[in-house]
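Welcome! Take a moment to look at the sequence and the 3D structure below, and then we will walk through them topic by topic.

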Amino acid sequence: MSSGSGGELQARRYSDGPPWIFTGRALYQLNLVKAEVARRVIPPELKVVQAFGYTLGGFYLAKYDSSPAGVFEELVVLAGIVWNPPTSCAWAARVIVNSKEACDHGIEEVGLPSRTAEFLLKTSTVERKPWWDFLSKISALRKRRESSRQINHAVDIVESGGSLRRPLCSIELLNNAFMGAQAKGWPGPPMKMSLPSFSGKTELQPDLLKYSCRMNCRIRPISPARVSTLESTVEEDSGSSQTQQLDADVLSMLTGKPIVALVFDKMVMHVDAPTVVVAENETVKRRQGLLSRFPRFGAPAVPTASA
């Protein structure tokens with residue numbers, strides 16, 4: 001990203017090389033996910049970090065105002081935390097975007113399980129009344145003063161591939177902060193943070209990869225979003241039995257018990273190119289191979305007892 005006229009920032013394209021820069025806002029929600037569910041989508045050689053049968057999964061829902069692929073939306077479904085010595089990172093079970101360019105980049109360059117989908121925003125107005133309104137008679141003036149109307153937003157995610165459409169889920173946002181309607185009060189502290197993730201182990205990227213998302217943003221806690229299932233119609237594809245099982249696992253990650261939900265506002269995110277991760281046992285093998293080539297740097301021989 002380079003500076004343009006008036007101090008505006010011009011986004012780099014994917015072809016310009018890393019770091020790739022994204023601006024916008026995001027909702028990051030951590031849920032409890034059953035370790036056995038996470039295990040089904042995580043490569044068997046990686047250890048799932050768990051306690052009492054659960055790991056930390058959830059989702060990352062973002063709306064990018066600028067990016068290497070322009071304006072688009074993204075849902076990253078997090079299966080859980082995995083351990084590959086000497087570090088642990090999140091593992092994405094599915095990455096859903098409404099940009100073919102971003103989808104292709106994720107599959108080909110980052111080794112992500114990316115798919116395209118429609119992000120359909122639904123808006124409804126709900127009148128909120130004080131609880132005591134149902135227990136006592138209150139003057140009409142007081143009712144008007146103490147009742148309020150709340151605008152609820154929900155995002156329906158409908159995966160699309162060619163002529164097929166498959167509904168996945170509906171994410172009901174219980175706080176308007178994610179939609180850009182900033183409430184009065186403290187906007188949250190400005191923070192710098194890094195979110196490391198593993199990827200790869202796919203047909204196009206068979207190695208285990210690691211990449212980092214470095215963020216500058218304002219962070220504040222909000223009410224967790226509610227996620228529900230979208231039913232398929234007769235015209236829509238429900239997929240094979242294997243696809244249905246994977247969709248069920250993804251929904252389980254999305255609908256797990258929420259632990260914390262955070263809004264990343266005024267976000268500027270730098271994404272570095274993925275690097276190949278060498279497992280600890282592979283590192284040992286390589287060291288042993290080097291020592292066999294240069295025996296004088298090897299371990300000293302143990303003297304044998306003289307007769």
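Which residue meets the side chain of arginine 220 in a salt bridge? The partner is aspartate 265, at 3.8 Å from N to O; a salt bridge here is a side-chain nitrogen of Lys or Arg within 4 Å of a carboxyl oxygen of Asp or Glu. Please keep in mind that this is a predicted model, in which local features need pLDDT of at least 70, side-chain atom pairs count only at pLDDT 80 or more, and totals for chains, interfaces and linings use all residues. Residues are numbered from 1 along each chain as its sequence is written, and side-chain values use heavy atoms, with hydrogens and water left out.

**The chain as a whole**

- Of the 307 residues in the protein chain, 39% are buried, where buried means under 20% relative accessible area, exposed over 50%, and partly exposed in between (1.4 Å probe, protein chains only).
- Contact means heavy atoms within 4.5 Å. Among contacts in the protein chain between residues at least 6 apart in sequence, 69% join residues at least 24 apart.
- The protein chain exposes about 17,600 Å², and carbon and sulfur atoms supply 55% of that area; accessible areas come from the Shrake-Rupley method with a 1.4 Å probe, and for residues only the protein chains shown count as cover.

**Salt bridges**

- The count of salt bridges comes to 16.
- Arginine 94 and glutamate 159 meet through their side chains in a salt bridge of 2.8 Å, N to O. This pair links distant parts of the chain, with arginine 94 in strand E7 (residues 87-97) and glutamate 159 in strand E9 (residues 148-161), 65 residues apart.
- Arginine 94 counts as buried at 1% relative accessibility, and glutamate 159 is buried with a relative accessible area of 4%.
- Glutamate 159 also forms a salt bridge with arginine 166, where the closest N and O atoms are 3.0 Å apart. Both of these residues, arginine 166 and glutamate 159, are buried.
- Back at the opening pair, arginine 220 is buried with a relative accessible area of 10%, and aspartate 265 is buried with 13%.
- One network, built from salt bridges that share partners, joins Arg94, Arg115, Glu159, Arg166 and Asp247.

**Nonpolar cores**

- A nonpolar core is a set of buried Ala, Val, Leu, Ile, Met, Phe, Trp, Tyr and Cys residues joined through side-chain atoms within 4.5 Å. The largest one has 37 residues, of which Ile42, Phe59, Leu75, Ile157 and Ile171 touch the most other members.
- Another core, of 31 residues, lies apart from the largest one and has Ala26, Val97, Leu112 and Met215 among them.
- Not counting residues up to four places away in sequence, leucine 75 touches several residues, including Phe59, Arg94, Phe119 and Ile171.

**A glycine in a loop**

- Glycine 17 sits in the loop between strand E2 (9-10) and strand E3 (20-34), and this glycine is buried, with a relative accessible area of 15%.
- The C-alpha atoms of glycine 17 and aspartate 272 are separated by 9.1 Å, although the two residues are 255 residues apart along the chain.

Key:
Helix = DSSP H or I, 4+ residues; strand = E, 2+ residues; numbered from the N terminus.
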